[in-house]
Amino acid sequence: MADVQVDARGLNCPMPIVKTAQAVKAMTSGQTLEVLATDPGATKDFAAWSKTTGNEMVEQTVDGGVYRFVLRKK
């Protein structure tokens, strides 16, 4: 179970990333964040965001049109 959860289902780009960035700012280093999104573009967006920010993509899955990302704050 992640330390923090963000439900971005039903939101389109760039809102899942915006909500993720806001949540990460309030977290401490090493904490994990689970994000749920339904925007198919989120896969590319989160990969790019993770690479750009240095926050680790721990897990990425898709189930029934819901994309799940688990990130670890650097």
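Helices (H or I, at least four residues) and strands (E, at least two) are DSSP runs, numbered from the N terminus. This is a predicted model, where local features need pLDDT of at least 70, side-chain atom pairs count only at pLDDT 80 or more, and totals for chains, interfaces and linings use all residues. Residues count from 1 along each chain as its sequence is written, and side-chain values use heavy atoms, leaving out hydrogens and water.

**View 1. Helix α1 packs with helix α2.** Here α1 (residues 15-25) and α2 (residues 42-53) meet at an angle of about 35°, and their axes are 10 Å apart. Those axes are lines fitted to C-alpha atoms over the stretch in contact, with angles running from 0 to 180 degrees between N-to-C directions. On the α1 side, look for Pro16, Ile17, Thr20, Ala21 and Val24; α2 brings Asp45, Phe46 and Trp49 to the contact. Contact just means heavy atoms within 4.5 Å.

View 2. Pro16, Ile17, Thr20, Ala23 and Val24 are the buried residues of α1. Gln22 and Lys25 are exposed, on the face turned away. (Buried is under 20% relative accessible area, exposed over 50%, partly exposed in between, with a 1.4 Å probe and protein chains only.)

**View 3. Glu59 sits in strand β3.** Glu59 is partly exposed, at 34% relative accessible area. Leaving aside neighbours within four places in sequence, Glu59 touches Arg68, Phe69 and Val70.
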